[in-house]
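Welcome! Here is a friendly briefing on one protein chain, to be read with the picture beside you.

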Amino acid sequence: MATRTTLLGLAKPDYSDVQDVGVINGNMEIIDKEIGKRTRAHNLLDNSDFTDPVNQEDETSYTGQGLYTIDRWKQEYNGSTVTVGDNGLTVAPGASVQGWISQYYAKPLKAGAIVTAYIKLANGTENVFAITLNESTIYLQGNGYIVGISTEKFDLVVNAGDPSVTFEKVALYEGEYNSDTVPTYQPKGYSAELTACLLWRRYIYRVFGSPVGNLSREAIILDPPMKDVPEVKETSLWKGSEDAGYTVQAAEKRYVDMQYTGWGSVSLILTCEP
């Protein structure tokens with residue numbers, strides 16, 4: 001009596017079974033469909049496997065308006081909380097504030113294009129949404145959350161006062177799919193995700209000068225180059241001498257030209273996120 005394989009459900013005839021071309025063809029159809037699902041689509045979202053995200057800030061909980069959480073994902077409103085855990089990214093709204101995280105695409109999409117969103121929650125729930133893009137954001141109801149899709153960005157929203165939602169993984173594909181044909185989610189891998197995230201945001205720490213002071217100059221090479229000319233933000237400055245400081249002489253996609261005075265250290269964030 002035939003049994004079935006665990007992953008794809010292929011029929012495994014018993015040695016006593018008569019050869020059946022229909023069974024063989026059925027197995028081939030399953031394999032062909034699965035190969036197509038795995039190879040023909042590219043996930044347009046970065047850092048979307050929330051069980052192993054790039055998290056350069058290295059925090060486990062984020063609260064604040066316009067605050068970047070894990071790389072490429074921005075929290076829109078103060079009063080809500082985003083928590084990083086082993087089973088995914090938990091978005092918790094406030095009593096009167098939506099929990100809302102967004103990612104801008106690496107390249108804007110075109111109005112009129114058909115895209116499909118795939119969202120999997122930590123509880124195993126999966127939702128698939130296929131839409132035709134227009135100039136305004138389209139909002140769709142999921143299981144305890146809302147997904148917003150526009151030509152510029154992708155939103156995950158939990159309404160104010162609702163229970164928190166833990167997202168395991170998300171994807172956005174060009175083309176129209178349903179729950180049967182949506183491509184199997186393929187993690188890009190931490191190394192590939194980190195490389196993509198560094199195009200938008202990176203952290204730099206520098207020790208400069210000497211106890212005797214004097215001016216010093218350094219070109220910080222950015223490899224890989226960033227997506228655009230970065231904004232340079234200071235997160236901390238330690239002064240080993242009273243005159244310790246720095247100026248950014250120039251910032252480009254491929255380098256940052258720094259001039260230092262005195263002796264100290266500085267931590268910087270380079271970002272070209274919207």
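Is G66 buried, partly exposed or exposed? G66 is partly exposed, with a relative accessible area of 36%; buried means under 20% relative accessible area, exposed over 50%, and partly exposed in between, with a 1.4 Å probe and protein chains only. This is a predicted model, in which local features need pLDDT of at least 70 and side-chain atom pairs count only at pLDDT 80 or more, while totals for chains, interfaces and linings use all residues. Residues are numbered from 1 along each chain as its sequence is written, and side-chain values use heavy atoms, with hydrogens and water left out.

**The overall picture**

- The protein chain has two helices and 20 strands; these are DSSP runs numbered from the N terminus, with helices being H or I of at least four residues and strands being E of at least two.
- Of the chain's 274 residues, 42% count as buried.
- A contact means heavy atoms within 4.5 Å. Looking at contacts with a separation of 6 or more, 60% are between residues 24 or more positions apart.

**The nonpolar cores**

- A nonpolar core is a set of buried Ala, Val, Leu, Ile, Met, Phe, Trp, Tyr and Cys residues joined through side-chain atoms within 4.5 Å.
- In soluble globular proteins, nonpolar side chains tend to be buried together.
- The largest nonpolar core holds 30 residues, and I119, I149, F154 and L156 have the most contacts inside it.
- Strands that give two or more residues to this core include β6 (81-85), β7 (88-92), β12 (146-149), β13 (153-158) and β14 (165-174).
- Setting aside residues up to four places away in sequence, F154 touches a list of residues that includes L45, W73, I101, Y105, I119, V147 and L172.
- A second, separate core has 14 residues, among them W200, I204, F208 and Y260.

**The pockets**

- A pocket is an open set of points on a 1 Å grid over the protein atoms alone, where a 1.4 Å probe fits and protein lies on both sides within 12 Å along at least five of seven lines; lining residues have an atom within 4 Å of a point.
- Grid points are joined across faces, edges and corners, and a volume is the space filled by probe spheres set on the points.
- The largest pocket contains about 240 Å³ of space. It is lined by 12 residues, of which Y118, E126, V182, P183 and T184 are the closest to its centre.
- Both β9 (114-121) and β10 (126-132) supply at least two residues of the lining of the largest pocket.
- That lining has five nonpolar, two polar and five charged residues; here Ala, Val, Leu, Ile, Met, Phe, Trp, Tyr, Cys and Pro count as nonpolar, Asp, Glu, Lys and Arg as charged, and the others, Gly among them, as polar.
- The second largest pocket has a volume of about 160 Å³. Its lining has 13 residues, and H42, L44, D46, A106 and K107 are the closest to its centre.
- By class, seven residues in the lining of the second largest pocket are nonpolar, two are polar and four are charged.

**Loops to look at**

- G66 sits in the loop between β3 and β4, and beyond its neighbours within four places in sequence G66 is in contact with K74, Q75 and E76.
- K107 lies in the loop between β8 (99-104) and β9, and counts as exposed because its relative accessibility is 64%.
- K107 and L44 are 63 residues apart in sequence, and their C-alpha atoms are 9.0 Å apart in space.

**Backbone details**

- N47, in the loop between α1 (21-39) and β3 (61-62), has a positive phi near 50° without being a glycine.
- R72 is another residue other than glycine with a positive phi, about 80°, and R72 counts as buried at 1% relative accessibility.
- The peptide bond from D223 to P224 is cis, with omega near 5°.

**Helix α2 and the cysteines**

- In helix α2 (residues 190-198), the buried residues are E193, A196, C197 and L198, and they pack against β15 (201-208).
- The structure holds zero disulfides, a disulfide being a pair of cysteine sulfur atoms within 2.5 Å.
- C272 is buried, with a relative accessible area of 14%.
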